[in-house]
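Reader: I am new to this structure. Please show it to me and take my questions one by one.

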Amino acid sequence: MTTASYDAATLRLAAAAAVRAPSLHNSQPWLFQLRDGGIEVLSDPARQLAIADSTGWAVRIACGAAAYNAQLALAVNGTPARVELRPYASEPHIMARLTPAVPRPPTYAEQELFAAVPRRHSNRRPFWPDPVPSEARIRIIDAAHAEGGWLDLLVGMTALSGFAQIAQSADRVLRRDPAYRSEMATWTHADAAPDGVPATAGAPVPEPQDLLPQRPFTERRRAPGHDYEAEPLIAVLGTNGNRPVDQIAAGQILQRVLLTVTDAGLASSMISQPIEVPAAREHLRQSLRRSGTPQMALRIGYGDPGRPTPRRDLDDLIVG
């Protein structure tokens with residue numbers, strides 16, 4: 001027997017978890033509504049980045065991740081959901097619809113992942129040199145597979161150097177565009193804004209010896225001897241297709257991976273430059289010998305604790 005419908009209180013419970021999902025420049029491009037007893041995740045076109053996300057890929061990734069958090073919250077509440085992506089062909093701005101499934105207690109895995117939701121955040125600082133153990137690597141790969149995606153861990157300096165070249169080249173392409181740099185600057189804040197990236201959360205200023213590109217959200221320089229790890233663990237996550245619905249699904253896969261990383265006591269940051277530049281994305285796909293589409297790259301390791309970026313008020317995000 002299923003619950004007849006969700007109510008306004010359950011909508012707020014789901015949305016409170018959903019907003020902790022990641023988004024490009026912490027733009028938070030989502031809205032939530034209750035319709036016909038179901039909870040819907042909508043894209044917010046006013047928050048789509050015109051330059052960095054002209055195709056809407058990043059919005060769909062973010063909304064998929066938000067939908068995954070909402071699904072976890074509902075499961076832990078004892079009111080699990082069936083999830084349908086892009087449920088209405090005539091309303092493509094509705095990214096996901098969650099409707100009541102048969103009530104059941106949450107699984108241990110759901111409880112552990114949900115507990116990681118408030119602790120997950122991007123750590124853009126250098127990680128410790130400690131290697132990620134094989135058990136954690138297997139968990140991360142399995143997390144992507146469980147949601148229908150794939151995840152490749154780049155092992156060895158040959159693979160890392162190849163990825164670094166692709167990422168650095170894509171970063172140079174992006175930074176050559178003044179409009180791209182200007183847009184990123186508008187999402188960087190020194191105050192307590194409810195969105196965007198606080199300067200304190202940004203990576204330190206890039207230096208010539210850095211293997212991977214970092215977004216310049218801050219002018220802070222790192223102390224001598226605090227370089228980035230020489231052999232970072234890089235994961236590339238992808239899907240078999242690249243339709244809008246595949247990109248929303250990629251957001252769900254990404255969030256499960258990120259929460260699994262967090263639950264394992266690890267830190268992570270996203271490297272999206274090689275995904276944002278089409279030629280770089282294709283080069284990356286070929287280097288992996290994959291027939292699918294890379295949707296995100298991650299740097300994973302052990303790092304000092306940080307703080308989550310701010311979020312907008314729920315009352316501004318619930319519509320209808």
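Author: Here are questions and answers on strands, helices and cavities. This is a predicted model, in which local features need pLDDT of at least 70, side-chain atom pairs count only at pLDDT 80 or more, and totals for chains, interfaces and linings use all residues. Residues are numbered from 1 along each chain as its sequence is written, and side-chain values use heavy atoms, with hydrogens and water left out.

Reader: In β2, which residue is the bridge partner of L31?

Author: Helices (H or I, at least four residues) and strands (E, at least two) are DSSP runs, numbered from the N terminus. Two strands pair if DSSP finds at least two bridges between them. Strands β1 (residues 30-35) and β2 (residues 38-43) pair in the antiparallel sense over six bridges. Across from L31, the partner in β2 is L42.

Reader: Which residue in the turn between β1 and β2 has a positive phi?

Author: β1 and β2 form a hairpin. Two residues lie between the strands. The one with a positive phi, about 50°, is D36.

Reader: Within what arc do the buried residues of α1 fall?

Author: Buried means under 20% relative accessible area, exposed over 50%, and partly exposed in between (1.4 Å probe, protein chains only). In helix α1 (residues 8-18), the buried residues are T10, L11, A14, A15, A17 and A18. Seen down the axis, they line one face of the helix, because the arc (of the directions from the helix axis to the C-beta atoms) that holds them is 160°.

Reader: Which elements do the buried residues of α1 pack against?

Author: On the other side of α1, A8 and A9 are exposed. Contact means heavy atoms within 4.5 Å. The buried residues pack against β1, β2, α2 (57-76), α3 (108-116) and β11.

Reader: Which helices do the buried residues of α3 pack against?

Author: The buried residues of α3 are E110, L113 and A116. Down the helix axis they fall within an arc of 125°, so they line one face. They pack against α2 and α7 (244-263).

Reader: In β10, which residue is the bridge partner of A267?

Author: Strand β9 (residues 267-271) has four of its five residues buried, so it is largely enclosed by the rest of the structure. It pairs with strand β10 (residues 293-301) in the antiparallel sense over five bridges. The partner of A267 is G301.

Reader: Is S268 buried or exposed?

Author: S268 lies in strand β9. Leaving out residues up to four places away in sequence, S268 touches H121, S122, N123, F127, L258, V261, R299 and I300. At 4% relative accessibility, S268 counts as buried.

Reader: How much space lies in the largest cavity?

Author: On a 1 Å grid over the protein atoms alone, a cavity is a set of points where a 1.4 Å probe fits but cannot get out; lining residues have an atom within 4 Å of a point. Grid points are joined across faces, edges and corners, and a volume is the space filled by probe spheres set on the points. The structure holds two cavities of 30 Å³ or more. The largest has about 60 Å³.

Reader: Which residues line the second largest cavity?

Author: This cavity has a volume of about 30 Å³. Its lining residues are L24, S27, P29, R47, Q48, L49, D53, A58 and V59.

Note on methods. 1 Å grid on protein atoms, 1.4 Å probe; cavity = no way out; pocket = protein on both sides within 12 Å on 5 of 7 lines; lining within 4 Å.
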